[in-house]
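Subject: Structure handover

Hello,

Here is the structure for you to look at. My notes come after it.

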Amino acid sequence: MIELSYFAAAVLFILGLKRMSSPKTARGGIVWAGAGMLVATIATFFVPNMHNYGLMLLAMAIGGGAAWYTGKKVAMTDMPQMIAIYNGMGGGAAAAIAAVELLKSDFQSQSFLVLAVLGALIGSVAFSGSMVAFAKLQGLMKKSFLFPGQQKINLIVFGAAIVFGVLLMMSDSTSGLTLFIFFALALAFGIMMTLPIGGADMPVVISLYNALTGLAVAFEGFVLGNAAMIIAGTVVGSAGTLLTQLMAKAMNRPISNVLFSGFGATGGEASTEDAGGTLKEVDASDAAVMMAFASKVIIVPGYGMAVAQAQHKIWEFCKLLEDKGVTVKFAIHPVAGRMPGHMNVLLAEAGVPYDKIYDLEEINGEFPQADVALIIGANDVVNPVARTDPNSPIYGMPILDADKAKNVIVVKRGRGTGFSGIENALFYLDNARMLYGDGQEVANKLIQEVKQL
Amino acid sequence: MIEGFTALYIFMLAAFTGYEVIGRVPVILHTPLMSGSNFVHGIVLVGAMVAMGHADTDLERFIGFLGVMLAAGNAVGGYVVTERMLEMFKSSKETAK
């Protein structure tokens, strides 16, 4: 009966994930997967020879309750770091399973012992790494920590963790001290590996840790002989790896680059000064007139729009434009927001239907026909130096060709640079106009102006 | 109990399944899907429960407790967050209603 429940859970997980990969069925997908989880959890209470039920329920209530509360409360803009923290918890749980099993050390064969140690190592790294990722995205930790020889030291820590892992595998009875040092080293490695990684690369790292946690869960599944854990963990491990690759590709950064070099530290200064020309300002009423009498407007939203909570107002503005017969489309760069697809979620929250949202390949050919490209809160993803300046750290990253639109209006709070700290050559182009102000206020003004026309 | 090569076969087939299922996903769903797969590995809860259920010493119980707590957080948090995101995906027809 328990095996049957686990089998059902595994099927539900796979079907759920499959449904989640299309926008039409995605909402049902998570419900299917959730049903699978419920079935598996309830079945587990009937596993024979178990005790500690009281404490178990208490732990579930604390962990689940806290996650429920934070999950319901968190703003959509903060989604990436929440995913990081929940993912880290999964990794930590996998490591904890390994710790209990290693302490008991009644393994049936050597291979289970090896898998337990590997799962513990991966789980611990995913746990502490995800926590650092969370702290960075949450703004608790602003700087990237870089010091000379960092990679060598990381390598030494990692090597030491491996050595203690092997010691654990060799010894017949596990000594508490070896176990403790092993976990301490693994956790330290996770922290040290994540510290130098810049904020812009964090989504790729979170996705990678997601895949790693899946793998750790699968390994501990082997140790416990639990098929549901093996299947679910492995599916997530491979899906997560693929997703990580897709994200890294969208940012045009090989995964090895993300992991082993601090972004911007390598050549960020080179391109700051050569964006010549002047910035030309425009006021809200002129901008509104330009767009109201255009035939096609493409909106390029960025994380800045979400921070200003302007997406609702922008969508209201778009509906007004559409009433005037303007075609409005949203162009989303793969890494708009804080991770691929994040901006789609933020726009969806504002009620923008997903068939008005286009991704990079779909929309780039349309910019030359667009009368106005309205850039709001986006910066690096429309910076033409990614095409032209080989010295720029973002050189080679695919960008939205907003500069090819007949007019470009850039809504921006101030004169600061984007997430990568690079000056944006787009702003200095002849067809570009700057509209300074808070995203929300600007959107409000635009709405009023259009209504008065 | 799952032994030797059977385990390896399960591992291999599951790996391909994961790869295929995600293979053609549109960019707009990357974040929810990452969150969804994050929820799926919350199945670690099952393992944490078993590990804790077999714990005998106080140390094992303590670590097991931590494990169950973290795993429950993974599962519940992953579900809530994913559902909230997917809740919002609507096409223009649906919004017009």
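This is a predicted model: local features need pLDDT of at least 70, side-chain atom pairs count only at pLDDT 80 or more; totals for chains, interfaces and linings use all residues.

Helix pair. In chain A, helix 13 (residues 311-323) packs against helix 17 (residues 439-452), with an angle of about 20° and axes 9 Å apart. Because angles under 35 degrees count as roughly parallel, helix 13 of chain A is roughly parallel to helix 17 of chain A. Their crossing is left-handed. On the helix 13 side, the contact is made by Lys313(A), Ile314(A), Glu316(A), Phe317(A), Leu320(A) and Leu321(A). Helix 17 of chain A contributes Gln440(A), Ala443(A), Asn444(A), Leu446(A), Ile447(A), Val450(A) and Lys451(A). By class, this contact has eight nonpolar, two polar and three charged residues.

Cores. The largest nonpolar core has 161 residues. Helix 4 (residues 79-104) of chain A supplies the largest share of this core, 16 residues. Ile314(A) and Leu321(A) are among the residues with the most contacts inside the core, and Ile43(B) is another. Beyond its neighbours within four places in sequence, Ile314(A) is in contact with Ile299(A), Met305(A), Phe330(A), Ile376(A) and Ala443(A). Another core, of 24 residues, lies apart from the largest one and includes Val335(A), Ala378(A), Val408(A) and Phe427(A).

Chain B. This chain has five helices and zero strands. Of its 97 residues, 59% count as buried. Among chain B contacts between residues at least 6 apart in sequence, 65% join residues at least 24 apart.

Regards

Conventions. Residues are numbered from 1 along each chain as its sequence is written. Chains are lettered from A and ligands numbered from 1 in the order in which they are written. Side-chain values use heavy atoms; hydrogens and water are left out. Axes are lines fitted to C-alpha atoms, for helices over the stretch in contact, and angles run from 0 to 180 degrees between N-to-C directions. Helices (H or I, at least four residues) and strands (E, at least two) are DSSP runs, numbered from the N terminus. Angles under 35 degrees count as roughly parallel, over 145 as roughly antiparallel, 65 to 115 as roughly perpendicular and the rest as oblique. A crossing is left-handed if the near helix is turned anticlockwise from the far one by less than a right angle, and right-handed if clockwise. Contact means heavy atoms within 4.5 Å. Ala, Val, Leu, Ile, Met, Phe, Trp, Tyr, Cys and Pro count as nonpolar, Asp, Glu, Lys and Arg as charged, and the others, Gly among them, as polar. A nonpolar core is a set of buried Ala, Val, Leu, Ile, Met, Phe, Trp, Tyr and Cys residues joined through side-chain atoms within 4.5 Å. Buried means under 20% relative accessible area, exposed over 50%, partly exposed in between (1.4 Å probe, protein chains only).
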